[in-house]
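User: I am new to protein models. Could you walk me through one, feature by feature?

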Amino acid sequence: MATKKPVKKQAAKAKPKTQNRSFMGRVVRFFFKVFLWGFGLSVFFVVLFKFVPVPFTPLMAIRAIENTADNKEVYLNHDWVPLEEISVNLQKAVIASEDGNFLRHNGFDFKALANAYESNQKGKKLKGGSTISQQTAKNVFLWQGRSYLRKGLEAYFTVLIELIWGKERIMEVYLNSIEMGNGVYGAQAASEYWYRKDAKDLTKYEAAGIAAILPNPRKFKAANSSAYTNGRKDKIVRIMRHIGTIDYDKTSE
């Protein structure tokens, strides 16, 4: 009997190690499944929104919650229209204002990011280097903020939409989803709200007016604007003259 006791003690000591390995294995398998589900769902929705209009965005929900918390009226104006029903003037205006290299980069403008970083390091007014592709990824799939997690997910979704959507669809989703006034989302709603006309009928200066307020559309006005906003409009119109014809097919080759 005495010879069997050490065997029992060794087995008892080995048992917790086996349990620990089993627990860690379950944790690894759990997170692996979460990763696979997250990857699968993200690809599914990116493919879906290549063909289906985006009905609602996280920012719309956030604004509704903010207004409810502040006891303000929850106002939402969002009308989806195809890109061919949005004036080329507005397409040029947002390129001139937000992302001059939109038709040339693959989702990221590293030179603009470097310039923004240098400007911010010098203590100047904070500015970003996000492209239209990055802004679209954030507006459609993510929340607002500056955390490393969100920026990482933004980069991931930017790569996906560049690969799956292409430039023309990115521009279409961007112009139909971005905030263009207090409770106003998308080009058609913005055109009706600011100018009482359809998005396809916007003039160069009117398009520049909408593009000029994008940094803070709840503060600035596209019509009856301040001197600051009017100055931005004039600058955008000048840049628009140098953009030329927009050829999305050529960018996807």
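Predicted model: local features only at pLDDT ≥ 70, side-chain atom pairs only at ≥ 80, totals over all residues.

User: How many helices and strands does the chain have?

Analyst: Helices (H or I, at least four residues) and strands (E, at least two) are DSSP runs, numbered from the N terminus. Here there are eleven helices and three strands. Read from the N terminus, the order is α-α-β-α-α-α-α-α-β-β-α-α-α-α.

User: What does UniProt place at residues 30–52?

Analyst: UniProt positions are given in the numbering used here; feature names are shortened, and annotations may be inferred rather than shown by experiment. The unreviewed UniProt entry lists a "transmembrane region" at residues 30–52. In the model, that span is 96% helix and 0% strand. Its end C-alpha atoms lie 32 Å apart.

User: What share of the residues counts as buried?

Analyst: Buried means under 20% relative accessible area, exposed over 50%, and partly exposed in between (1.4 Å probe, protein chains only). Of the chain's 253 residues, 40% are buried. Accessible areas come from the Shrake-Rupley method with a 1.4 Å probe; for residues, only the protein chains shown count as cover. The chain exposes about 15,500 Å². Carbon and sulfur atoms supply 59% of that area.

User: Which residues touch the most other members of the largest nonpolar core?

Analyst: A nonpolar core is a set of buried Ala, Val, Leu, Ile, Met, Phe, Trp, Tyr and Cys residues joined through side-chain atoms within 4.5 Å. The largest one holds 51 residues. Leu90, Val94, Phe141, Met171, Leu175 and Ile210 touch the most other members. Several helices each supply at least two core residues, among them α1 (5–51), α5 (132–141) and α10 (227–240).

User: How should I read contacts?

Analyst: Contact means heavy atoms within 4.5 Å. Take contacts between residues at least 6 apart in sequence: 69% of them join residues at least 24 apart. Leaving out residues up to four places away in sequence, Phe141 touches Phe45, Val46, Phe49, Pro58, Phe157, Ile161 and Trp165.

User: How many aromatic pairs are there?

Analyst: Rings of Phe, Tyr and Trp (its six-membered ring) pair if their centres lie within 6.5 Å; planes under 30 degrees apart count as stacked, over 60 as edge-to-face and the rest as tilted. The structure has nine such pairs. In one of them, the rings of Phe49 and Phe141 have centres 6.2 Å apart and planes at 45 degrees, so this pair is tilted. It links distant parts of the chain: Phe49 sits in helix α1 and Phe141 in helix α5, 92 residues apart. Phe49 is buried because its relative accessibility is 11%. Phe141 is buried too, at 17%.

User: Which lysine lies over the face of phenylalanine 102?

Analyst: A charge sits over a ring if NZ of Lys or CZ of Arg is within 6 Å of the ring centre and within 35 degrees of the ring normal. Lys167 lies over Phe102, at 4.6 Å from the ring centre. Lys50 lies over the face of Phe51, at 5.9 Å.

User: Is aspartate 99 buried or exposed?

Analyst: Asp99 has 3% relative accessibility, so it counts as buried. Asp99 lies in the loop between α3 and α4 (110–121). Beyond residues up to four places away in sequence, Asp99 touches Val94, His105, Asp109, Thr131 and Ile132. The C-alpha atoms of Asp99 and Ile132 are separated by 6.0 Å, though the two are 33 residues apart along the chain.

User: What is the phi of arginine 196?

Analyst: Phi of Arg196 is near 60 degrees, a positive value in a residue other than glycine. Arg196 lies in the loop between α8 and α9 and is exposed, at 68%. Asn224 also has a positive phi, of about 50 degrees. Asn224 lies in the loop between α9 and α10 and is exposed, at 77%.

Note on methods
Residues numbered from 1 in each chain as written. Heavy atoms only, no water.
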